[in-house]
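Subject: Structure handover

Hello,

Here is the structure I promised to pass on. Please open it next to this email and follow along.

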Amino acid sequence: MTDLLYQTDSYLQEFDATITSVLLPERAVVLNRSAFYPGGGGQPCDFSTLTVGSETYPVHKVKKQGEDVLHFLGGDALPPSIDAASHGTLDWARRYGLMRTHTALHILCGVVFRDYGARVTGGEMEPLRGRLDFEFETMGGELVREIEISINKEVAQRREIGVRILPREEAFQIQDLIRTKINLLPPGIAHVRTVEIVGLDLQADGGTHVHNTSEVGIIRIADYKSKGAINKRIYVELA
Ligand SMILES: [Zn+2]
């Protein structure tokens, strides 16, 4: 089982950990703790390096498997052995870009629901660009310009972002979470992690976010698309 350090400290860039398992054919190791995001909820995984003794391995993929996080090692050095001490270092430029982008998408989601009552049906992101799909019948060019102004107001408002880990029963009593389909969470999950842009948006979310909307910077709506009468897509880009 891997302790997910990024869940409570998204700004952690380096950490020490012990290798608890080595999967030889895949060149993957499990650590007892990790700050590397394994991907999920539309946010891609981190890239990083893992140093063991005198060897530094590039980590080109990170993936959750049950309660473990698998770290896939690049290079051609022999994989490290079980119980070895290791030191992980994030590709911080990539991760911080993803944090700003992820928060930008929550701002967009919050504004579109608050101002137009439209719900998100899906999304995707890479560093500094992303998209969200909405059930948003009335969306068109004029509205998109309005939305762009409104989301940048939320950036300028310097809203704080809070992360909490709540017992399932408690989370299920929060109305704002119910609208984001929290009821679809698998029954086995005892705790729900929530991400709140204070005063704007509250979601059950496993991703990494910045502390304040001001860190997102100017959000540009780069494009929009109609995917049918109801389903619309909005693309954003950050500087
Ligand atoms: Zn999210």
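A residue is called buried when its relative accessible area is under 20%. D205 comes in at 12%, so D205 counts as buried. Keep in mind that this is a predicted model.

**The zinc site**

D205 is one of the zinc ligands. The zinc ion is coordinated by H102 through NE2, H106 through NE2 and D205 through OD. The distances run from 1.9 to 2.1 Å. Along the chain, the donors are spaced as H-x3-H-x98-D. H102 sits in helix α1, residues 92-116. D205 sits in the loop between β13 (201-204) and β14 (219-226). The pair therefore ties together parts that lie 103 residues apart in sequence. H102 is buried too, with a relative accessible area of 3%.

β12 covers residues 191-197 and is joined to β13 by four bridges. Within these strands, V195 stands opposite Q203 of β13.

**Helix α2**

α2 spans residues 141-156. The helix has 16 residues and reaches 23 Å from its first C-alpha to its last. That is close to the 22 Å expected at 1.5 Å a residue. Its buried residues are L143, V144, I147, E148, S150, I151, N152, E154 and V155. What do the buried residues of α2 pack against? They pack against α1, β14 and β15 (231-238). Just after α2, R158 takes a positive phi of about 55 degrees.

**N152**

Setting aside neighbours within four places in sequence, N152 is in contact with G217, I218 and I219.

For a first look, start at the zinc ion with its ligands H102, H106 and D205. Finish at α2, whose buried residues pack against α1, among others.

Best wishes

Terms used
Residues numbered from 1 in each chain as written. Predicted model: local features only at pLDDT ≥ 70, side-chain atom pairs only at ≥ 80, totals over all residues. Heavy atoms only, no water. Donors = N, O, S within 2.8 Å, 3.2 Å for Na, K, Ca; no water. Helix = DSSP H or I, 4+ residues; strand = E, 2+ residues; numbered from the N terminus. Buried < 20%, exposed > 50% of the residue type's maximum accessible area, 1.4 Å probe, protein only. Contact = heavy atoms within 4.5 Å. Expected span 1.5 Å × (residues − 1). Pairing = 2+ DSSP bridges.
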